[in-house]
Amino acid sequence: MPETYKIIDNLWTSLLLVWITCVQYSSMAPLNNQSQSLQTASAMIPRNRPSEGQRILSRAKRGWVWNQMFVLEEFSGPDPILVGRLHTDLDMGNKNIKYVLAGEGAGTIFAINERTGDIHAMKRLDREEKAEYTLTAQVIDRDTDKPLEPPSEFIIKVQDINDNPPQFIEGPYKGSVPEMSQVGTSVTRVTATDADDPVYGNSARLVYSILEGQPYFSIDQTTAIIRVALAGMDREMREEYLVVIQAKDMGGHMGGLSGTTTVTVTLTDINDNPPKFSKGSYEFTIPEDLGIGKPGGRVKANDRDIGENAKSAYSIIGGDERDVFEIVTDAQTQEGILRLKKPLDFESKKSYNLTVVATNIRADSITGGPYMDQATVKIIIEDADEPPVFTKSAYLFDVHENAAINTVIGAVAARDQDATHSQVRYFIDRHTDLERQFNINVDDGKITLAKPLDRETDMWHNITVTATEVRNHSQISRAIVAIKVLDINDNAPEFATEYEAFLCENGKPGQVIQTISAVDKDNPSQGHTFHYRLEMLNNPNFTIKNNLNNSISVLAKHDSFRRQKQETYLLPIVVTDDGEPPMSSTNTLTIRVCGCSRDACIILLLVIVVLFVTLRRHKNEPLIIKDDEDVRENIIRYDDEGGGEEDTEAFDIATLQNPDGINGYLPRKDIKPDLQFMPRQGQHCCLKGGGGAFFESS
């Protein structure tokens, strides 16, 4: 093995020397202004330069830059590799010349022969780690270590070899494309990277190819775009494909390195399949008493597509002339649910034949959809035992309040609609007839009176009647029966209230003492008309006058009423209505005689007027009472007989609290004492039964 490495090393060295020797330099830069210069061992200094203006007839080859050296990366021979040689014009075989190397990697990676100027690479180099090194060369005197020339800087570049394969950093990849896509439709793009030098040679020039995944997909060898290569790929047949992509450097030539990645391609669904009913016809049996909105059966149209493309809407397109059924979609199961919209009647229609259609709700721009399928549905109605049906949902009867017991008020009727036509029995729901006012015949439904009626107590009676099948007692129907009690004239009129009248001793003849009206519990259709008369037709004290509005006025016949003679009169008055037969009653009016003074009445009126004016003027002034706890009655009394000024000497607390007079004014001598202190706000004027009046503070 060492001999093999030595042969390879010698071969690389020979090739490098031949390559360096064959390359001409286009120019040579001096190290300083003197004739001395530092140059590579392979540099060729031109001997005969063209004179100024001399024309170069041939194209000059690209020359080497004198201050650059090159070394191949990854060289691993047994001996250090010669990178280049430094030489100065001062080196005339003088042994006192010494070459010194400094800079990046000097002494560790690169070593220089201090006598010959040969530079060797001591280690294996990797361009991907470091592509170039900057060093400084200098010639010094061996004995004195003094520089003979200024230092010169040069670069050693590491030349690339193809030692890095392509890599897919972002793999593995995933891509998708709609099923049935045309050839050439783009699926996705992959990207590989190569760490080799993209400028030098073909080490980093990549070419892409498919190792697995043909004939379904292809890849552009330069752009790495994966495209559909086969038409008509169906997701329902195969949904997923695994594609293996290779990237090879050196432009794909033999000897290049390669890397691979995988791409998972998924075909996405399009609406390219119609819904399909699992069978062409369905048959359901449902009871006729199925509730509104309740399901009567389910149908299902399957779709090979997925997601929204598989959803269908159901509709009825035939056989439902009466609009009895509807069909809706179950969002979870995608089934069509037949539901009832109107009540069924076995006796009128025993079956239905419907045509049902399932239609995709989404159309596809590629296939053109939407798709649909249809099926027939036969619905058989099953007879159900239904309760009897009343001829009316509510009945209205009327009866006079004087009707005799067992009088027939009316009759209800119900019929069993079932094919069996069961016999019906009738009953009154006693929760609606707690007084047991009525009875009903269980066979024919006739309602009779069980107890006397009184319209003035209850004008309406609302009872519930039930109808039950004899064959099945659980089948019950109900109907409302409203019974109106008609009025008869069975109540006499009477006074509207208990009247009590007052008559002054000095009243004038013909004076109205009291106005009287009457009421009647009956309610005749033509309204009430009342007639009044005195029980004593020729009453010496009183008489009545018809006001022509169902009321009368009681009048005094003379002015000689005296309280000392008779204080109370009882006046019987007879009131009669216009009913058939007429009803009447005697009511008594109580009339009390009181002593009324004309002067006292005039003074009372003046007091009321002054009180009103005072309240209007002083309604916002505070009360003069200073101490809230010192509140006493302030009463001005008038004698029943209308006495003199001594009868008006009342005790006034305001005088004590305000010696200067009420509200700051002294009493006036020209006004009677009973008129000086009017009632203040909050006082009440009261009329005694005997005709006297007083003011009372609240």
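Student: Is glutamine 334 buried or exposed?

Tutor: Glutamine 334 is buried, at 18% relative accessible area; buried means under 20%, exposed over 50% and partly exposed in between, with a 1.4 Å probe and protein chains only. Bear in mind that this is a predicted model, where local features need pLDDT of at least 70, side-chain atom pairs count only at pLDDT 80 or more, and totals for chains, interfaces and linings use all residues. Residues are numbered from 1 along each chain as its sequence is written, and side-chain values use heavy atoms, with hydrogens and water left out.

Student: What about phi of glutamine 334?

Tutor: Positive, about 60°, although glutamine 334 is not a glycine. Most residues other than glycine have a negative phi. Alanine 224 also has a positive phi, near 65°, and alanine 224 is buried with a relative accessible area of 0%.

Student: New topic: which peptide bond to proline 172 is cis?

Tutor: The one from glycine 171, with omega near -5°. Another cis bond joins glutamine 214 and proline 215, with omega about 10°.

Student: And in what order do the four strands of the open sheet run?

Tutor: The order is 34-40-39-36, with mixed pairing. Strands here are DSSP runs of E, at least two residues, and helices are H or I runs of at least four, numbered from the N terminus; two strands pair if DSSP finds at least two bridges between them.

Student: Which strands stand at the edges?

Tutor: Strand 34 (500–504) and strand 36 (531–534), each with a single partner strand, so one side of each lacks a neighbour in the sheet.

Student: How does strand 36 pair with strand 39?

Tutor: Antiparallel, over four bridges, and histidine 531 stands opposite threonine 576 in strand 39.
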